[in-house]
Amino acid sequence: MSGPVVLGIESSCDETGAGIVRDGKLLAHVVATSMDEHARFGGVVPEIAARAHLHSFNPVVREALDRAGLRLNRIDAVAVTTGPGLSGALQVGLAGAKTLAYAAGVPLYGVHHLAGHVAADTLEHGPLPSPCVVLVVSGGHTSLLLVRDLVREPILHLGDTLDDAAGECFDKVARILGLPYPGGPAVDRAARDGDPRAVDFPRPLTRGGDDPYAFSFSGLKTAAARWVEKHRLQGLDVPVADGAAALQEAVADVLSRKALAACRAYDVKTLIVVGGVAANSRVRALTEQQCAAAGVELRVPPMTLCTDNGAMIAAVGDLLVRSGAEPAPLDVSIDPSASLEYASLTPLPAPSARAA
């Protein structure tokens with residue numbers, strides 16, 4: 001007998017995503033992005049994002065159902081991102097998800113956005129090993145997590161970003177270099193023709209200290225800005241390709257170095273890298289090299305599942321349903337600054353508590 005079918009909705013930023021998962025298998029997923037509408041502003045405009053979600057929600061859900069060959073009455077549960085993210089964008093997704101759950105007569109689950117990124121890997125590689133170290137790296141988040149059971153146990157934060165996240169650093173430096181938004185893919189493309197050793201950019205917070213797994217990319221951004229300014233003050237052309245390659249190398253070095261250090265410290269044999277910056281070619285390549293040298297298995301989702309999507313939210317919902325988690329209450333609301341402790345708003349009790 002096949003398991004429950006879960007529809008996942010993601011609308012935390014500028015992508016409207018709908019995904020359908022059953023028993024850990026991806027049946028369909030569709031993403032509509034409003035990125036082009038934000039590009040001329042050099043970043044996401046919350047009001048534009050919310051309006052785009054309103055326009056895209058129904059077509060995206062309809063297409064996901066069509067691709068899966070399902071009608072809404074065949075859905076057994078709906079999962080939706082409730083935070084963190086842009087307030088207006090989250091509100092659109094939650095309102096739509098509540099409507100779908102009510103129309104289908106099925107339970108609704110509120111999901112943490114970052115837990116969705118973690119679960120995205122299960123759609124490609126199967127269940128998460130316990131324990132595993134997860135590096136979440138995106139435009140707004142850079143975190144190192146120790147994960148044992150994603151839906152049953154608290155998620156341990158080993159380190160988080162203190163200021164700019166890695167993707168935010170790419171966006172800001174790309175603008176300084178005259179590259180388009182979004183900055184991550186633009187830097188990646190420009191770096192192909194550059195020399196990563198041409199500029200000795202700093203590697204922030206890699207000398208140990210009281211918080212060895214914390215991240216800080218604000219200083220790297222400032223160093224890149226000063227390097228560009230120096231060239232312009234001297235009337236020299238900025239070697240954009242070299243700057244992009246050196247920046248990318250610095251970010252990849254910091255991310256991979258800290259992630260592998262966490263694996264060694266916690267005796268973990270599997271590293272999972274997720275989030276939009278996981279699509280960066282140098283981040284993937286350098287982390288793969290370091291993992292191979294250290295005897296650590298590296299798992300990275302396909303590029304289509306690295307960026308925000310509804311499939312990852314459906315994956316968490318699927319795990320929650322199969323684990324017997326309680327659905328969200330009827331008055332569930334968004335939390336734009338939600339901290340990640342559990343994957344769900346209504347987590348399962350710890351195994352020891354259930355056995356008592």
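A residue counts as exposed when its relative accessible area is over 50%, and as buried when that area is under 20%. Keep both cut-offs in mind for this tour of a predicted model.

**Stop 1: R67**

Select R67, which sits in helix α2. Is R67 buried or exposed? Its relative accessibility is 52%, so R67 counts as exposed. Show its surroundings next: leaving out residues up to four places away in sequence, R67 touches L27, A28, H29 and V30. Take V30 from that group and draw a distance between the two C-alpha atoms. R67 and V30 are 37 residues apart along the chain, and their C-alpha atoms are separated by 8.8 Å.

**Stop 2: the whole of α2**

Now extend the selection to residues 46-68, the 23 residues of helix α2. From the first C-alpha to the last, α2 reaches 31 Å, close to the 33 Å expected at 1.5 Å a residue. Where is the kink in α2? Look at S56, shortly before the proline P59, for a kink of about 45°. S56 is also one of the buried residues of α2. Others in that set include I48, A49, H53, F57, V60 and L65.

To see what covers the buried residues of α2, colour the strands β1 (5-10), β2 (15-22) and β3 (25-33), which are among the covering elements. The helices α1 (35-39) and α3 (87-104) are also included in that cover.

**Stop 3: α2 against α3**

The crossing of α2 past α3 is right-handed.

Show side chains where they meet. On the α2 side, select A50, H53, L54, F57 and V61. On the α3 side, the partners are G88, A89, V92, G93, G96, A97 and L100.

An α-helix has 3.6 residues a turn, so residues three or four places apart point the same way.

**Stop 4**

Move to residues 183-191, helix α7. How many of its nine residues are buried? Seven are, and the helix is mostly covered. The buried ones are G183, G184, A186, V187, D188, A190 and A191. They pack against α6 (166-177), α9 (240-265) and α10 (281-294).

Of these neighbours, display α6. α6 and α7 pack at an angle of about 65°, with axes 7 Å apart. F170, D171 and A174 of α6 make the contact with G183, G184 and V187 of α7. Viewed as a pair, α6 passes α7 in a left-handed crossing.

**Stop 5: α12 and G310**

Finish with residues 310-323, helix α12. This helix has 14 residues and reaches 20 Å from its first C-alpha to its last, close to the 20 Å expected at 1.5 Å a residue. α12 is mostly covered, with 11 of its 14 residues buried. Among them are M312, I313, V316, D318, L320 and S323.

At 0% relative accessibility, G310 counts as buried. What does G310 touch, not counting residues up to four places away in sequence? The list is G8, E10, G17, A18 and G19.

How values were computed: Residues are numbered from 1 along each chain as its sequence is written. This is a predicted model: local features need pLDDT of at least 70, side-chain atom pairs count only at pLDDT 80 or more; totals for chains, interfaces and linings use all residues. Side-chain values use heavy atoms; hydrogens and water are left out. Helices (H or I, at least four residues) and strands (E, at least two) are DSSP runs, numbered from the N terminus. The expected span of a helix is 1.5 Å times one less than its number of residues. The bend at a residue is the angle between axes fitted to the seven residues ending there and the seven starting there. Buried means under 20% relative accessible area, exposed over 50%, partly exposed in between (1.4 Å probe, protein chains only). Contact means heavy atoms within 4.5 Å. A crossing is left-handed if the near helix is turned anticlockwise from the far one by less than a right angle, and right-handed if clockwise. Axes are lines fitted to C-alpha atoms, for helices over the stretch in contact, and angles run from 0 to 180 degrees between N-to-C directions.
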